[in-house]
Structures are given as structure tokens and as C-alpha cells.
Amino acid sequence: MRAKTYFEPQTTIPIYDECDVLVVGGGAAGHSAAIAAARAGCKNVILMERYGYCGGDVTGGYVLLIPNLSFHDKIFVRGLQEEWFTRLSKIPGAVAGPPPELTGSTDPLLMKYYRGVGGATRDRICHGFMVEPNQMKIEMDVMLNEHSDSIRVLYHSWGTKPIMEGNICKGVIFESKQGRQAVLAKVVIDATGDADLCRLSGAPTSSAIDDECRCSSTALVYRIAGFSKKAFNEWMQKYPEDARVLNNAVAEIHGFRAGMIDGPTDNISWMNNWQPKHDCSKIADQTDTEMKTRLAIRRVIEYYRTACPEIFRNAYLYDIAPQLGTRGSHRIVGEYVISSNDWAFPKEHDDCIAWHCTVDTLNDNAPIEIPYRSILPQKVENILAPGRHISADRIAIDNVNLIPQCVGTGQAAGVAAAVIVADKSSTHTVDIRKIQDILAGEQDVPLPRNAHTDPSYMECLVAHEYGLYTEAAKKAREAKDAASVYRHWTLSGGAGSADSSKENPAENS
């Protein structure tokens, strides 16, 4: 049956504003891009966000975990991501995680203490932390306000369509309570998370995701208060069989896998969940995720009160995340496509713009090099696409679209846009060395083989044979097929697998 169509009459769209750099989407990537562009000298930046706050999944989806920022004793993920930690550390109850000086410690008591808030792997303290989402919202506005001479913020404005002249993006059409309007820009940063603008620009995109991976699931996070998570953790250790029964029952009530995770304070915990084979860009899946979760919440909390009254007698629903929990859908097919081989083997990229750890993958969480080409869409000019939708294959995307990678690629995109405007170049002709020198020399972003980066970072990787020494990596090396080995590894209990949350559900956010 032929689908019905409606032909919209031609109309005139008013120009709301003009700028040098337009960032569409104020999540971790978009907020970072706007701040980085301003700090790199761009004085005419617009940040457009469909909600009334920045942070995206962090503040709106309650993805409170910022994991895996270090490798052994070196913090590789710095820049704006580390600035989040230092800023929030000054605010009571805003952040929880180990202080930087503990990075790499193998003290078993410290590892036990910090593991619940994302500050430890299985064998060492790993720099990572959890944030309080409302404090993070406030601090993101504080950061934007500090650059009010350079950044104009448009909240409640939904960027919907790129303005294309041939293959060159000239701006974006957006919708708001004031109707449909447009913003013209020299460089557009698509930080929508689902490549919304790139999909309509003529750039190639992909939605292929392995159904067994984390990215094939959605969530609606909610928080429970009125009990001590520390006391609950101790109860589970003391009565492991009872804990198993309780957790299985909670999953059955939900109808999907869920896990209660520590928060930055002991009296409020968040219930993460994984609703499989759901696409966060489809109306039916979005609606199903929201309703299924909310319809289960009262029964889940009542079960906790009844089954474990010594802990949950006074437990209550604290709040429900205002945004759908999104993990992956559409992403760009960029000038470079990241694959599992990028962390199974120590790949070097001359255009590296971020040096980021992943989540306990083939290389023991060693950082991989993320190239500029992975945020650069093919076939179009003057659009960059950092964040959750960067260019990676259907398996690799699972480990390069977490919050830290969104912040890192967003920061790099902002600097790149500022350089493009200053030099009157384009997204495909920009001077990569200038981008790298600003990131490493001025914005506290360590980059490999850059004169502004302490050589001890690379020495740390070489000393620990990064990318080559785990059993899975050795098999991949022998088979020359990291993707198939990685997929087997995820299904047998690695990050993204159905069982990986049993020891520490925060690892699989």
C-alpha cells in the first residue's frame, strides 16, 4: 500500500541570527564544543538545545557515571572532562570519585571503596567519577555564562534541518515556540547524538548496531531514595543467595535487565536499565521505553520494601529522568571508520584529536587514538559531528560513544571550528596541527607525539605493552580479526554483555 503524503506549501523562513560557529545539541559533546570554540578565540558562537538545560544524557538521562579516564598511573582524559571533576569537587554532594593522586593505586581497600562510583577497575584505581545531575546542570550554565561575550544560548530550540547549498552547509532550520526560523553559520557542529543534521545533508550515515551490544538498548533511568546504598551493598555481600533472588525478581518485574547503581551520595541510588533491541530514534521504541519503565516503578519499589524491609522500609521514588536514556542509533560514516582493531592494535593517527580509554576491552582499558576524520562526515563541507554518533562500525561504537568520548570529541570539534573560522579554511582543509597544538598546548588535552604533551604518557603505554598483551588481543592479533574476537568477548562477559553488570553495573551504563 502506498504511503500517504502531504505536500507542504513553499514558505519564507525568517533568519533568527547569524554566527561563525553553530553548535546544535547541548549534550556532553555540544556543550564542550561551544566552550572549546570560545576558548580557542571564536567570539561568535551559538549553542542550540531542544531542552532547557545542557548535559544531555548526563543531566537529562541520568547517566551519572564518567568512567575510565586513566591508564595505570596516568590520567589520559583531561581537558574539559577533568574540569568537570575539579569544578564539582568544590560543591558539596556534587561529585564522588577518587582524587587524581590515587590513580593507579592497587590498594584493595581503596579499590573496594571507589569501585561503586566508577573509580576503580578490577585491579587498580582508575580515575572516574559520578555526578549529581542537577549540580551538573547548574555548572554547565556557569561555564556558558563565563563566556557570555562569545556564546549565545538558544534553549527550547530544536535544530531540524541543515541549510545546504550544494554540498556546503550554510546553517540550520530550527523549530521553537516562535515557529520555524533559521540560523546561518560558517561552521555547523552536529551534536544531536543521532546525526540528525548529517542524515539530511547528503552525508552517508549508518544505523547498523550489533544486537548483542550495549548500543542496541535504551533506558529510562529513575532514582530511589530513603535508604542507605552502602547498607544494601553490605547486605548483598552477607546474603548473596537472597541478593540473587531479589535482583532476579526486580528484573522480572521490570521485564528487562536493570541494576541499582551507587550515586554520588549514599542516600540516593539510580536504577539503570537495558531494554534490548530498541532504537532511540524511533517513535515506537522511544514510547515503549518510557511507558514500560514508568509502569513498573511502583511495583519495583514496593517489592524492595516487602522483600528487604531492613534496608528499604522507608524507600521511595526520588525522581525519574526527564530524558530517554539513549545509547546508539544513527551515526556518520566519516572519512575514517573506527573498528575493533583500533584498540586491539596500537594504531597511530596523524590527525589524532582525542586519546581516550575505553571500557575494559581487548587492551586492558588502554587509551586509543581517535582521529579527526572520525568526526568528519563524507561528501559534505562545514559540518562536524562529534559525540555519540561518531564514525565507528557496528561493534566498535559500543566503546567509543560514552560520556568521556563525547566530551573529548566535542572539545576537539569546537577547537577545529574556531581554527576554520580564523583561517577561512573548511572542515576538509583545516590545519590539523593547529587544532592539536591548541588542544594540547592551551586546553589541557594530552595528545600522542605532540610537543606540548609530557613524554611520560607514551612511556606509560609502551611500558605496559598497550594493545598487545591481553589474551583476547593476542588471539585477535593472531587471527587478524579483532572484531570477531571482541564480539565473542562481549558475549562471554565483557563490557556490553548481558552479564557484565553483575559485578559492577556501572561499567555498562
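Modeller: Before we start, contact means heavy atoms within 4.5 Å. This is a predicted model, where local features need pLDDT of at least 70, side-chain atom pairs count only at pLDDT 80 or more, and totals for chains, interfaces and linings use all residues. Residues are numbered from 1 along each chain as its sequence is written, and side-chain values use heavy atoms, with hydrogens and water left out.

Biologist: Which residues in helix 8 do Val245, Leu246, Ala249, Val250, Ile253 and His254 in helix 7 meet?

Modeller: Helices here are DSSP runs (H or I, at least four residues), numbered from the N terminus. Helix 7 covers residues 240-254, and helix 8 covers residues 283-307. The helix 8 partners are Ala296, Arg299, Val300, Tyr303, Tyr304 and Ala307.

Biologist: At what angle do helix 7 and helix 8 pack?

Modeller: Okay, two packed helices are described by the angle between their axes and the distance between the axes. Axes are lines fitted to C-alpha atoms over the stretch in contact, and angles run from 0 to 180 degrees between N-to-C directions. For helix 7 and helix 8 the axes are 9 Å apart, and the angle is about 160 degrees.

Biologist: So are they roughly parallel or roughly antiparallel?

Modeller: Angles under 35 degrees count as roughly parallel, over 145 as roughly antiparallel, 65 to 115 as roughly perpendicular and the rest as oblique. That makes helix 7, relative to helix 8, roughly antiparallel.

Biologist: And Leu461, is that buried or exposed?

Modeller: Leu461 sits in helix 13 (residues 456-463). Buried means under 20% relative accessible area, exposed over 50%, partly exposed in between (1.4 Å probe, protein chains only). Leu461 has 0% relative accessibility, so it counts as buried.

Note on methods
Helix = DSSP H or I, 4+ residues; strand = E, 2+ residues; numbered from the N terminus. Expected span 1.5 Å × (residues − 1).
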